[in-house]
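Have a look at it first, then read on.

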Amino acid sequence: MHVIVATDGSKQSLAAAKHLKAFADPAKFTDISVVAVIRPLAAVAFADELSETEHQASWDSLSFREAAENAVAVIAAQFDGWGPKVHQRVRSGSPANEIIKAAKQYDAGLVVVAAGGRGLSESVLVGSTAQRVQHYAPCPVLVVRPKPRAKKAKKS
C-alpha cells in the first residue's frame, strides 16, 4: 500500500507522521510519499517549524519551495530505515486539491494529514484542508488532531 503523508511545515504535521509510525505495521506499506504543497501566489510563507534552530529558514533567506523541501525532508527522515520506500514530493497549488490528486496519482491506500497545523485557529484548518481531504480523497484518511491544551487553573 502507498501512503501519502502531508506536511505543511508545522510541528503538528510532524506529530501526525510520528503517530502513523507509532501504530502502523511497516510491512503493510510499499511506499510513503511525503507531500508538501506550496501556493503559487501565497501571501504567507510556507511554515518552517521543523528545521533545526540553527538552520531554520528566515522569511528573507529561503524561498517557499526551499522551506517546503526542508519540511518534507524532516518528515521523510522519520521513516528512514522503517521499511517502505520514501518519496519526497513538493507540489504547487491548493493544498487540499494537490493532496487529493497525489492520492489518486499514486493509487494511495491511506492519506495522513494533521488537523490544526498552521491555520489561524484550529477550526480554520480543520474546516479547510484536512476536512476537504477527508471528504474527497479516494482512500481512507487519517486526520491526526493536536493534543488538547492544558486548561489554565482559575484563580480564586
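pLDDT is the predictor's confidence in each residue, on a scale from 0 to 100. You'll want that in mind, since this is a predicted model. Across the protein, pLDDT averages 83, and 74% of the residues score at least 70.

Over residues 53–61 the pLDDT stays under 50, and the model gives them seven contacts beyond four places in sequence. Residues 117–127 also have a pLDDT below 50, with 26 contacts beyond near neighbours in sequence. Where pLDDT is low, the predicted coordinates should not be read in detail.

Now for the inside. The largest nonpolar core is made of 23 residues, and Val3, Val5, Leu20, Ile32, Ile75, Phe79 and Val112 have the most contacts within it.

Which residues does valine 112 touch, leaving aside its neighbours within four places in sequence? They are Val3, Ile4, Val5, Ala6, Ala16, Leu20, Leu142 and Val144.

Finally, take a look at aspartate 8, which sits in the loop between β1 and α1. Is aspartate 8 buried or exposed? Aspartate 8 counts as buried because its relative accessibility is 18%, and buried means under 20%. Its side chain also makes a polar contact of 2.5 Å with the side chain of serine 10.

Technical notes: Residues numbered from 1 in each chain as written. Predicted model: local features only at pLDDT ≥ 70, side-chain atom pairs only at ≥ 80, totals over all residues. Heavy atoms only, no water. Contact = heavy atoms within 4.5 Å. Core = buried A, V, L, I, M, F, W, Y, C linked by side-chain atoms within 4.5 Å. Buried < 20%, exposed > 50% of the residue type's maximum accessible area, 1.4 Å probe, protein only. Helix = DSSP H or I, 4+ residues; strand = E, 2+ residues; numbered from the N terminus. Polar contact = N/O pair within 3.5 Å; in protein donor to acceptor, adjacent residues only side chain to side chain.
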